Amino acid sequence: MDTPNLAPFPAQHDLGGNPRFRCTPVETDENAPPDDFGKRVDALRAVLRDRGLITTDEQRFNIESLPEAEYFDLTYYEKWLRAVAAVMIAKGVVSWEDLQ
Amino acid sequence: MATQPPRAESLALLDKLVTALKRRGIVSEEEIAQKQASADRANPMTGARMVARAWTDPEWRALLLRDGTAAAEAMGISMRGNPPLGVLEDTAKVHHLVVCTLCSCYPRAIIGYPPHWYKSAAYRSRAVREPRAVLAEFGTVLPAGIQVRVVDSTADFRWMVLPMRPEGTEGWTEDQLTALVTRDHLVGVSLPDAGGKASRAA
């Protein structure tokens, strides 16, 4: 009888060794800095961090908690923005209505 | 993927979030601009200077390997709010490669924004599984006798590589050596080479 496989399934962000990208080459020549949107998201996050309103771990947790389809579809700073917005709503800094 | 422009809904979300935060007096446009200018200023030249100095000054090298954060502060870089910085010393037997398998942790204060490939799923998943194949995609082929040690950067601890001083650089000044070192050398995907940049040192 087969033993059930009880090994934990890695979370979506835990990509180390993930075979899904085994045949995807690294785009080594992609050196572009973030676009204006990315830089603004990054700067906003830094201001909020200085205010004590968001930590790296809160941001990380909210990125890792995105639905898998969004995690692999959104661009890097789009994921950051969603995480920052989620933390601000969770803490009552802004309201859900503010962002509609 | 990450190089695609943001969706219209993301631009709108950013505007709404910033507007709401401004209305509550939590952020100002000036503060955002200041943070962006500070992020734009950080660049790999700082890490390159730290490496070049380690190649010429044994005491500095010891400090750098003992406490990367203190070494960066000694270079005039504020590391406030940054996790500790560790420095990985390449030798004739061991080469180091840095990855953040969980996301994109990177010593931004001394290298600047991470490149797209560092954040890519391909790099994050493959660097730990087949580092030599990944290195080869950067044009880096190491002799079989050299061990490759892959180190995972995390939210709580960041890493940079101290590569070996290239042959043919005897007598070079610290500035000449600094000019040899690039971002990719600090991550460990390639190695500095005096031959390729000889004209810059002349």
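**A friendly note on chains A and B**

1. Let's start with charge. In chain A there are 11 positive and 18 negative side chains, and the centres of these two sets lie 5 Å apart. Please keep in mind that this is a predicted model.

2. Next, the fold of chain A. You will find four helices and zero strands in chain A, and following the sequence gives the pattern α-α-α-α.

3. Now for the overall dimensions. The radius of gyration of chain A is 17 Å, whereas a compact globule of 100 residues would have one near 13 Å. The C-alpha trace of chain A spans about 55 × 40 × 25 Å along its principal axes.

4. A word on the inside and the surface. In chain A, 45% of the 100 residues count as buried. Chain A exposes about 5600 Å², and 54% of that area is supplied by carbon and sulfur atoms.

5. Contacts along the sequence are worth a look too. Taking the contacts in chain A with a separation of 6 or more, 64% are between residues 24 or more positions apart.

6. Turning to chain B, have a look at strand β4, residues 158–162. Why is β4(B) largely enclosed by the rest of the structure? Four of its five residues are buried, and buried here means under 20% relative accessible area.

7. Finally, the partner of that strand. Strand β1 of chain B, residues 85–89, pairs with β4(B) in the parallel sense, over five bridges. Within this pairing, Met160(B) in β4(B) stands opposite Val87(B).

Technical notes:
Residues numbered from 1 in each chain as written. Chains lettered and ligands numbered in written order. Predicted model: local features only at pLDDT ≥ 70, side-chain atom pairs only at ≥ 80, totals over all residues. Heavy atoms only, no water. Buried < 20%, exposed > 50% of the residue type's maximum accessible area, 1.4 Å probe, protein only. Helix = DSSP H or I, 4+ residues; strand = E, 2+ residues; numbered from the N terminus. Pairing = 2+ DSSP bridges. Rg over C-alpha atoms; globule rule 2.2 N^0.38 Å. Contact = heavy atoms within 4.5 Å. Areas by Shrake-Rupley, 256 points an atom, 1.4 Å probe, with all protein chains shown as cover. Lys, Arg positive; Asp, Glu negative; His and termini not counted. Charge placed at Lys NZ, Arg CZ, Asp CG, Glu CD.
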